[in-house]
Amino acid sequence: MSSPPSPPAAPAAERTGLLRDAAFLRLWAGTVASGLATWALPFVLGLAVLEGSLTAAGLGLVLAVRTAGFLAAVPVAGVLADRYSRRAVVAWAGGAAALASPVLALGLGGSAAVTAAAAAVVGMGQGACRPAFQALTREVVDEPRRQQANAAMTLAVRVTTLLGPGVAALLATVAGTAVLVVGTGALWLAAALLPPRGAAAPTPPHRRDPFHTEFLDGLREARRHPWFLAGLGALAAVITTGYSATGVLLPEASGRHYGTEAVLAAALTGYTAGALAGALLMARWRPRAQGWTALAGLACYGFAPLSLLAPVHPAAVVAAYVLAGVGVELFNVPWFTAAQREIDPGRLARVSSLDFLLSYGLAPVGLALIAPAADLVGAPAVLAACAAVCFLAPAAAALVPGSRDFSRTPPAPRPRE
């Protein structure tokens with residue numbers, strides 16, 4: 001009787017740990033640089049308000065224009081990243097943001113028009129990078145290691161978010177905010193230059209359709225995946241209500257319920273710490289029903305507005321924010337990994353652009369409406385409604401076919417041990 005054949009050897013990329021994979025490390029460094037630059041600019045410009053080189057109204061204008069640039073660039077970049085090399089789109093987008101950052105710094109305290117125009121270009125660079133990075137990750141990292149790779153990227157961003165404010169405030173005491181704005185340009189330059197070369201242009205030149213046709217083709221691809229549309233709807237609902245409510249009403253609740261801003265700081269720190277824990281968990285954990293697990297994690301954000309309804313012990317508020325942070329990464333990491341696995345590779349950037357467009361695009365709407373709604377019906381009613389949406393929207397998404405595993409194809413049954 002012959003012995004059973006040996007299983008095929010794993011591909012070399014699979015056997016190589018991520019920390020020894022030079023291509024992934026370059027991709028990771030570029031992604032982290034872009035994320036840090038994106039996060040740092042609003043904080044640094046806030047320091048500019050304290051310094052007197054920018055007014056509060058000017059800060060609002062700059063951030064609004066940057067967001068407008070982001071939203072305008074995301075759908076365009078989705079088509080371009082599926083039409084041309086994803087690496088080239090990252091390079092051009094990061095390079096544009098890098099060149100605009102010193103111009104933005106020069107405009108501080110001077111021309112508002114120059115500052116706003118530069119901020120718009122930075123926002124466009126940010127928006128163009130996001131879908132291209134998503135598609136480039138699929139090209140650089142093989143599927144068995146992709147969830148771990150996505151967790152490593154989000155983990156690095158969370159660490160910089162946790163430590164960044166203190167570092168930026170310290171640097172501002174010796175360098176000034178204009179220099180720090182230029183420093184964000186250096187981060188964008190790193191984001192443009194560091195990522196490795198991916199695949200060639202996904203779509204051959206002779207097969208390219210008109211721009212609007214390719215954009216609509218991305219919409220049709222998204223519709224082929226009911227779990228994606230349902231998950232995106234749940235995510236947009238949570239961001240528009242829960243994120244917005246806590247962003248606007250947490251500072252007010254911290255002062256009204258506890259008479260100190262310490263609860264605000266502790267809650268935000270707890271949220272970031274929870275997200276760090278969630279990213280570490282998802283680097284190793286492969287839940288059986290990963291879609292339902294992810295949606296349950298997303299629903300955990302409802303505990304954040306729920307904790308602000310009435311005065312409770314500050315530890316309860318912090319615990320709610322820690323749970324929300326853990327849940328966000330329980331959702332984010334499988335969500336990105338599933339999109340990279342399930343979406344047609346030639347349309348991945350376009351579908352990812354829909355993700356960023358809706359999730360980021362609806363956030364300003366929620367932020368604008370929460371305060372007037374609280375004045376009209378009271379903060380407790382708004383918080384209760386937002387918490388209900390955070391719980392119910394992911395639950396509704398879990399009922400959609402394919403949501404159990406974020407896949408149109410049921411998983412193969414696991415062999416009995």
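Author: Let's start with what packs over one helix: the cover on the buried residues of H15 includes helix H9 (226-258), helix H14 (348-361) and helix H16 (379-397). Keep in mind that this is a predicted model.

Reader: Which residues of H15 are the buried ones?

Author: Helix H15 spans residues 363-377. Its buried residues are Ala363, Gly366, Ile370 and Ala374.

Reader: How far does H15 reach from its first C-alpha to its last?

Author: H15 has 15 residues, and at 1.5 Å a residue the expected span is 21 Å. The model comes out close to that, with a reach of 21 Å.

Reader: Moving to H14, is Ser352 buried or exposed?

Author: Ser352 sits in helix H14. Leaving aside neighbours within four places in sequence, Ser352 is in contact with Pro131 and Gln134. Its relative accessible area is 3%, and buried means under 20%, so Ser352 is buried.

Reader: How many aromatic pairs turn up in the whole structure, and why is Trp39 with Phe43 called stacked?

Author: The search of the whole structure finds twelve aromatic pairs. For Trp39 and Phe43, the ring centres are 5.8 Å apart and the planes are at 15°. Planes under 30 degrees apart count as stacked, so this pair is stacked.

Reader: Are Trp39 and Phe43 buried or exposed, or partly exposed?

Author: The two residues are four apart in helix H2 (residues 22-51), so about one helical turn separates them. Trp39 has 23% relative accessibility, while Phe43 has 27%. Trp39 therefore counts as partly exposed, and Phe43 also counts as partly exposed.

Reader: How far apart are the ring centres of Phe331 and Trp335?

Author: Phe331 and Trp335 both lie in helix H13 (residues 314-342), about one turn apart. Phe331 is buried at 1% relative accessibility, and Trp335 is buried at 1% as well. Their planes are at 20°, so the pair is stacked, and the centres are apart by 5.2 Å.

Reader: Which residues form one aromatic cluster with Phe331 and Trp335?

Author: Phe331 and Trp335 are a stacked pair. The cluster they belong to also takes in Trp227, Phe228 and Phe406.

Reader: Which ring does the charged end of Arg404 sit over?

Author: The charged end of Arg404 is 5.6 Å from the centre of that ring. The ring belongs to Trp292.

Reader: Last one: what is Leu155 in contact with, leaving aside its neighbours within four places in sequence?

Author: Leu155 has its place in helix H6 (residues 146-175). At 23% relative accessibility, Leu155 counts as partly exposed. Its contacts beyond those neighbours are Leu276, Ala279 and Leu280.

Technical notes:
Residues are numbered from 1 along each chain as its sequence is written. This is a predicted model: local features need pLDDT of at least 70, side-chain atom pairs count only at pLDDT 80 or more; totals for chains, interfaces and linings use all residues. Side-chain values use heavy atoms; hydrogens and water are left out. Buried means under 20% relative accessible area, exposed over 50%, partly exposed in between (1.4 Å probe, protein chains only). Contact means heavy atoms within 4.5 Å. The expected span of a helix is 1.5 Å times one less than its number of residues. Rings of Phe, Tyr and Trp (its six-membered ring) pair if their centres lie within 6.5 Å; planes under 30 degrees apart count as stacked, over 60 as edge-to-face and the rest as tilted. A charge sits over a ring if NZ of Lys or CZ of Arg is within 6 Å of the ring centre and within 35 degrees of the ring normal.
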